[in-house]
Amino acid sequence: EDGYYGDNDFMDVEKARVIVDIVGGLCNKLLGMSTVHMKVVGCDWNEITVPQNVPLETFSQNGPTKIYNNVPAHLLEIQVYDIENSDGKRIDHIFNFFQGTQPLVRTIDLRNTNAADEAIEKVEESENPTNTSKGIAEEDELKGDTAESLATIKEEEDKGMNLVRFQYDG
């Protein structure tokens, strides 16, 4: 982990999922057509430079929330790179909030998001695959609680563990 990794020719293919919210206020209002930029921390892949000599890989986001699948499973820096109205014109006051003199950048660790999925699968596999009852109320209640807990874990993973939120309150 702390060793020298130079002169190695390998391709990291591990992918993850991230949910990006770009919203107005607590009501999650649509702000406009957003351009999202993602970059691996500590890597010059997809880096913003002045002047921009290499084309950036960006993503368009039409709604307040979008799920991005197959992003690199690394520490990612995510930012709202641009925001436009329905006529394709930049919304300057919102753009200045997100980019201004110091761009608003969110960092998320996606290196181990599959751990939650694997834990859920393991619990599901260990449960009895049939939906039978022994007639013992406590055991039936426990089964219900376990299923409820799994649903809650899945929901929290989808909404929290891999969520990045940009909120404009102006």
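These legends describe close-up views of a predicted model.

**View 1. The largest nonpolar core.** This core holds 24 residues. Val18, Met38 and Ile78 have the most contacts inside it. Several elements each supply at least two of its residues: β1 (15-24), β3 (33-40), β5 (65-72), β6 (75-84), α1 (92-98) and β8 (163-168). In soluble globular proteins, nonpolar side chains tend to be buried together.

**View 2. The surroundings of isoleucine 78.** Neighbours within four places in sequence are left aside here. Ile78 then touches Val18, Val20, Val36, His37 and Met38 among its contacts. Its contacts also include Leu104, Val105, Arg106 and Ile108. Val164 and Phe166 are in contact with Ile78 as well.

**View 3. An open sheet of 4 strands.** The strand order is β4-β3-β6-β7, and the pairing is antiparallel. β4 (58-61) and β7 (105-109) form the edges, each pairing on one side only. From one strand to the next, the twist averages 30 degrees.

**View 4. The pairing of β6 with β7.** These two strands run antiparallel and share 5 bridges. Leucine 75 has aspartate 109, in β7, as its bridge partner. Strands of a sheet pair through backbone hydrogen bonds.

**View 5. Glutamate 57 in its loop.** Glutamate 57 sits in the loop between β3 and β4. Its relative accessible area is 38%, so it counts as partly exposed. Beyond neighbours within four places in sequence, glutamate 57 contacts His37, Trp45 and Asn46. Asparagine 46 is 11 residues from glutamate 57 in sequence. In space, the two lie 6.2 Å apart, C-alpha to C-alpha.

Key. Residues numbered from 1 in each chain as written. Predicted model: local features only at pLDDT ≥ 70, side-chain atom pairs only at ≥ 80, totals over all residues. Heavy atoms only, no water. Core = buried A, V, L, I, M, F, W, Y, C linked by side-chain atoms within 4.5 Å. Buried < 20%, exposed > 50% of the residue type's maximum accessible area, 1.4 Å probe, protein only. Contact = heavy atoms within 4.5 Å. Pairing = 2+ DSSP bridges. Axes fitted to C-alpha atoms, helices over the stretch in contact; angles between N-to-C directions.
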